[in-house]
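Hello,

Here is the structure I said I would pass on. My notes on it follow below.

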Amino acid sequence: QEAEDFFSAFAAWGGRAFVFCRAAEGGGASLPLHPLKGQRTSFLRLRLGVEGLSFSVGLRKRFLPAGVSGKSDGRGGDDLMTRRAALPLVALLLCALLSGCGRVEKYEQARYDLFDTVCRVSAYAESEDAFGRRTEPMWRRLEEIDRALDPYHGYEGLHNLYYVNLHAAEAPVRAEDVLFDMLLWYRDNRLDAGETVNIAMGAVLNLWHDAREAGGPPPSEEALRAAALHTDFGDVILDEAARTVFFADPLLKLDPGAVGKGYAAREALKALGEGAVLVNLGGIVACAGAPDGRDFWRVAVQSPFSASDSLGILRVKDESVVTSAVYQRFFEWDGLRYHHLIDPETLMPGNFYSSVTVVCKDPAAADLLSTRLFLLPIEESRATAESAGADALWVLPNGETLMTDGFRRRLEE
């Protein structure tokens, strides 16, 4: 396409051009573009080799540009100044050909051992090796975050979330850097989530986690109410100078499930550096730039009722798409489904929606916001999305869908 654009411009200038492409092992084809027949022309020819191909580039010009005059070079009428005048055009053509021959391709990697979900990264690169060199720092960073935010496993020498939950009520604990930075981020942004998202609800969420692992029954109301007495984030004391965490309530536990993967996606984009890329951490989709030759990434919104069905394709660029849904983690008991999104008021799974999808710039903010919208009734949820400047889609349990005008505009027709 770049070469054809060049030839169009050259033809408009009054010339005739063609490319002859021959593979290194032989064979070839001529591609004439915009021929101007019957014109007496001067001629310039150039050869170059690119990635096993031999290109002959021919330019014919039937008149000199305005203001250019020259003398014959004495070799059958080829005008030396015509040649010189065409050199900038040849340079432009070379750039077009080189960029076309070095065109990047799409590559993808996936891992199943991080954050208890499927993690994927897609990007465009000149080769699989180049893609691997770019993604290697990202995978190392995600491994680091996965261990640091793990609430269920300890690691030797690592002051991760499990260690902090175990010891922070005894004395201030020097937390891993990424864990402490995430806690600071949540502290500074939690007011945007109101009281509906609270990462200090670990005591309550642990009861639901244990019930889910056992396949039921759900926790008793008595046990939930007792645990809810120990969920005040104000009892989490963060010392920024020492980078330590202390729990003023000895029964308090942290669970950053409402923000952890979003924060990890943000860090993944940083580790990947500049260039078009898309990261998907189990429903947390974050992208930078746009795919090669396109204006945006295409992100499918999964139906909460069938993993094989899509609710539509979103067009996004330098943005994040996050879905909170009932299908992600749940168990069933006595014919009822109990999912992992727990309302801090009722201490039970939220039942307003089957899924909520949010589009906004920051994946961490989108993760926090999608949980909040999921746990609010529709009028309040819609108002919250609008005040946050986010686009959102709500899927009700009966299958009805509601969306902001901005979300509707993003959908492919």
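A salt bridge here is a side-chain nitrogen of Lys or Arg within 4 Å of a carboxyl oxygen of Asp or Glu. The model is a predicted one. By this rule there are 17 salt bridges.

Arg-141, Glu-144, Glu-267 and Lys-270 are joined in a network of such bridges. Within it, Arg-141 pairs with Glu-267, with the closest N and O atoms 2.8 Å apart. This pair links distant parts of the chain: Arg-141 lies in helix H3 (residues 128-148) and Glu-267 in helix H8 (residues 260-272), 126 residues apart. Glu-267 also bridges to Lys-270 (3.2 Å, N to O); these two are three residues apart in H8, so about one helical turn separates them. Glu-267 is buried at 8% relative accessible area, Arg-141 is partly exposed at 21%, and Lys-270 is exposed at 56%.

A further salt bridge joins Arg-410 and Glu-319 (2.6 Å, N to O). Arg-410 is in helix H11 (residues 405-410), while Glu-319 sits in the loop between strands E13 (306-316) and E14 (320-325), 91 residues away. Both ends are buried: Arg-410 at 16% and Glu-319 at 13%.

In helix H10 (residues 378-387), Ser-381, Thr-384 and Ala-385 are buried. They span an arc of only 100 degrees around the axis and therefore lie on the same side of H10. That side packs against helix H9 (363-374) and strand E18 (391-395). Glu-379, Glu-386 and Ser-387, on the other side, are exposed. After H10 comes Gly-389, with a positive phi near 70 degrees.

There are zero disulfides. Cys-287 is buried at 3% relative accessibility, and Cys-360 is buried at 15%.

Regards

Notes: Residues numbered from 1 in each chain as written. Predicted model: local features only at pLDDT ≥ 70, side-chain atom pairs only at ≥ 80, totals over all residues. Heavy atoms only, no water. Buried < 20%, exposed > 50% of the residue type's maximum accessible area, 1.4 Å probe, protein only. Helix = DSSP H or I, 4+ residues; strand = E, 2+ residues; numbered from the N terminus. Arc of directions from axis to C-beta. Contact = heavy atoms within 4.5 Å. Disulfide = S-S within 2.5 Å.
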